[in-house]
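Reader: I have a model open on my screen. Can you walk me through a few of its features, one at a time?

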Amino acid sequence: MSSRRVVVVDDHDMFRAGVRSEIGASVDIVGEGSDVDTAVKAIVGTEPDVVLLDVHLPGGGGTEVMKQVHQRHPDIKFLALSVSDAAEDVIGVIRAGARGYVTKNISGTELIDAINRVADGDAVFSPRLAGFVLDAFSGAIDIASVDEDLDRLSQREREVLRLIARGYAYKEVARELFISVKTVETHVSSVLRKLQLSNRHELTRWATDRRLV
């Protein structure tokens, strides 16, 4: 079997370099993208077997990349690879056409296996994420009401919300998302204001009630 042709899309240069180093010997990385425009250009220009796609991208997010590519190349397969394992992110990209969703703590060997399976037409999910998808389509998660509240938040605010709700300290959130502690504080204040909550304990409860953590 010839190597799978893969495009890697993520807005962090360091992460793309890490993926290339981890799996480059087993797959053929034919292109990269760091935002919606560069991603669409790389994918349309190379027509890979699989696109490794981060959910949160400048210029409209991973769903916008899929939308634009599928208008021209409906057969190109997407595997979401993200730091986020929040229910609304998983369900959003699956609805948009991704064939799978794995989180960034996946090993190189597992990622290569996931790429091959998606290329062969299988759907691939990390175990916890498969539960979200089943719950969503069985009606156990009320996607409409979750979406309505979350639509008020920016993508970065959602990432901060998820980590704070898991008990991360501001410093840990800053390190995880490559932003400053001051920026984390600004995002938390904004999230509390938009969701009409008064402190991080209420925020954690809000996120837990909606199965976002």
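Reader: Which residue with a positive phi follows H11?
Author: This is a predicted model. Helix H11 covers residues 200–209. The residue that follows H11 has a positive phi, near 60 degrees, and is Arg 211.

Reader: What caps the N-terminal end of H11?
Author: Look for a side-chain oxygen that lies 3.0 Å from the backbone nitrogen of His 201. The residue that supplies this oxygen is Asn 199.

Reader: Within what arc do the buried residues of H11 fall?
Author: Leu 203, Trp 206 and Ala 207 are buried in H11. An α-helix has 3.6 residues a turn, so residues three or four places apart point the same way. The buried residues of H11 line one face of the helix, because, seen down its axis, they fall within an arc of 95 degrees.

Reader: Which residues are exposed on the other side of H11?
Author: Exposed here takes over 50% relative accessible area. On the other side of H11, the residues that are exposed are His 201, Arg 205 and Asp 209.

Reader: How many of the 11 residues of H8 are buried?
Author: H8 spans residues 155–165. H8 is largely enclosed by the rest of the structure, because the buried count is 9 of the 11.

Reader: Which residue follows H8 with a positive phi?
Author: Here phi is near 100 degrees. The residue in question is Gly 167.

Reader: Which helix supplies the largest share of the lining of the largest cavity?
Author: The count comes to 1 cavity of 30 Å³ or more. Its lining includes His 56, Ser 84, Arg 158 and Leu 212. Helix H4 (87–96) and H8 each supply at least two lining residues. The largest share, 4 residues, comes from H8.

Reader: What volume does the largest cavity have?
Author: Rolling a probe the size of a water molecule over the atoms shows where empty space is left. For the largest cavity, the volume is about 50 Å³.

Reader: How many bridges join E1 to E2?
Author: Strand E1 holds residues 5–9 and strand E2 residues 28–33. The two run parallel. The bridges that join them number 5.

Reader: Which residue in E2 stands opposite Val 9?
Author: E1, helix H1 (residues 13–23) and E2 make a right-handed β-α-β unit. In E2, the residue opposite Val 9 is Gly 33.

Definitions and conventions. Residues numbered from 1 in each chain as written. Predicted model: local features only at pLDDT ≥ 70, side-chain atom pairs only at ≥ 80, totals over all residues. Heavy atoms only, no water. Buried < 20%, exposed > 50% of the residue type's maximum accessible area, 1.4 Å probe, protein only. Arc of directions from axis to C-beta. Polar contact = N/O pair within 3.5 Å; in protein donor to acceptor, adjacent residues only side chain to side chain. Pairing = 2+ DSSP bridges. Right-handed = clockwise from strand over helix to strand, strands pointing away. 1 Å grid on protein atoms, 1.4 Å probe; cavity = no way out; pocket = protein on both sides within 12 Å on 5 of 7 lines; lining within 4 Å. Points joined across faces, edges and corners; volume = space filled by probe spheres on them.
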